[in-house]
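Please look over the sequence and the model below, and keep both in view while reading.

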Amino acid sequence: MSILSHKAESPSPAVPRSSRHEDDLYGWVQEQVALLRAGAVASLDLDNIAEELSDVGAEQYNKLESALEVLLMHLLKWDHQPERRSRSWALTVTEQRKRIEKLLRKNPGLTPRISEAVEDGFDLGRVRAAREMKRDLDTLPTPCPYDWTAIMTRVVSLDSD
């Protein structure tokens, strides 16, 4: 059987959906999309669809936390190593702010979780900052010393010093 003729066939009913989901996520997604578009709701793999949708939401939160981690790491470095400030650091702060703004614009449902994401991002950003600055972790502040306004708007520029 050629690949082309195999693509035209429907999935074998003998293969359980959960096995298909575990073995070939892309193929499973394509099948579920086709079933949805065909209105074949009774044939959908609802448990795995719910799990995948939950994962998509978690992924968006993780993107927010990750951008905050990098941003907060650079704010800490900016404040605690002024002699090493660079355009690269300032541009990284700008880039991460833009990522966060875009993510929140596309996912306004994340807004109630901003405080949690700041806390989580700061915990990791603080560790990364200490490592990059070759400092003891206890020399950096805890909890996060920046409020949301400072995180998103504080001027970080070599021209402003």
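In what kind of crossing, left-handed or right-handed, does H3 pass H4? H3 passes H4 in a left-handed crossing, where left-handed means that the near helix is turned anticlockwise from the far one by less than a right angle, and right-handed that it is turned clockwise.

## Basis of the report

This is a predicted model, in which local features need pLDDT of at least 70 and side-chain atom pairs count only at pLDDT 80 or more, while totals for chains, interfaces and linings use all residues. Residues are numbered from 1 along each chain as its sequence is written, and side-chain values use heavy atoms, with hydrogens and water left out.

## Overall make-up

The protein chain has seven helices and zero strands, where helices (H or I, at least four residues) and strands (E, at least two) are DSSP runs numbered from the N terminus. Read along the sequence, this gives the pattern α-α-α-α-α-α-α.

Of the 161 residues of the protein chain, 32% count as buried, a term that stands for under 20% relative accessible area, with exposed meaning over 50% and partly exposed in between (1.4 Å probe, protein chains only). Among contacts (heavy atoms within 4.5 Å) between residues at least 6 apart in sequence, 67% join residues at least 24 apart.

## Helix H3 against helix H4

Helix H3 covers residues 25–37 and helix H4 residues 46–80, and the two pack at an angle of about 110° with their axes 12 Å apart. Axes here are lines fitted to C-alpha atoms, for helices over the stretch in contact, and angles run from 0 to 180 degrees between N-to-C directions. The angle makes H3 roughly perpendicular to H4, given that 65 to 115 degrees counts as roughly perpendicular, under 35 as roughly parallel, over 145 as roughly antiparallel and the rest as oblique. On the H3 side the contact is made by Leu25, Trp28 and Gln32, and on the H4 side by Asn48, Ile49 and Glu52.

With H6, H4 packs at an angle of about 45°, the axes being 7 Å apart. H4 and H6 are therefore oblique to each other, and their crossing is right-handed.

## Residues in the helices

His74 lies in helix H4 and counts as buried, at 8% relative accessibility.

Lys102 is found in helix H5, which spans residues 87–106, and is partly exposed, with a relative accessible area of 42%. Lys102 and Leu64 stand 38 residues apart in sequence, while their C-alpha atoms are 9.9 Å apart in space.

Trp148 belongs to helix H7 (residues 148–153) and is partly exposed, with a relative accessible area of 29%. Leaving out residues up to four places away in sequence, Trp148 touches Leu68, Ile100, Leu104, Ile114 and Val118.

## The loop between H6 and H7

Pro143 lies in the loop between helix H6 (114–133) and H7, and the peptide bond from Thr142 to Pro143 is cis, with omega near 0°. Lys134 has its place in the loop between H6 and H7 as well. Although Lys134 is not a glycine, it has a positive phi of about 55°, and with a relative accessible area of 77% Lys134 is exposed.

## Aromatic rings

How many aromatic pairs does the structure hold? The structure holds zero aromatic pairs, a pair being rings of Phe, Tyr and Trp (its six-membered ring) whose centres lie within 6.5 Å, with planes under 30 degrees apart counted as stacked, over 60 as edge-to-face and the rest as tilted.

A charge does lie over a ring, however, since Arg113 is placed over the face of Tyr61, at 3.9 Å from the ring centre, the rule being that NZ of Lys or CZ of Arg is within 6 Å of the ring centre and within 35 degrees of the ring normal.
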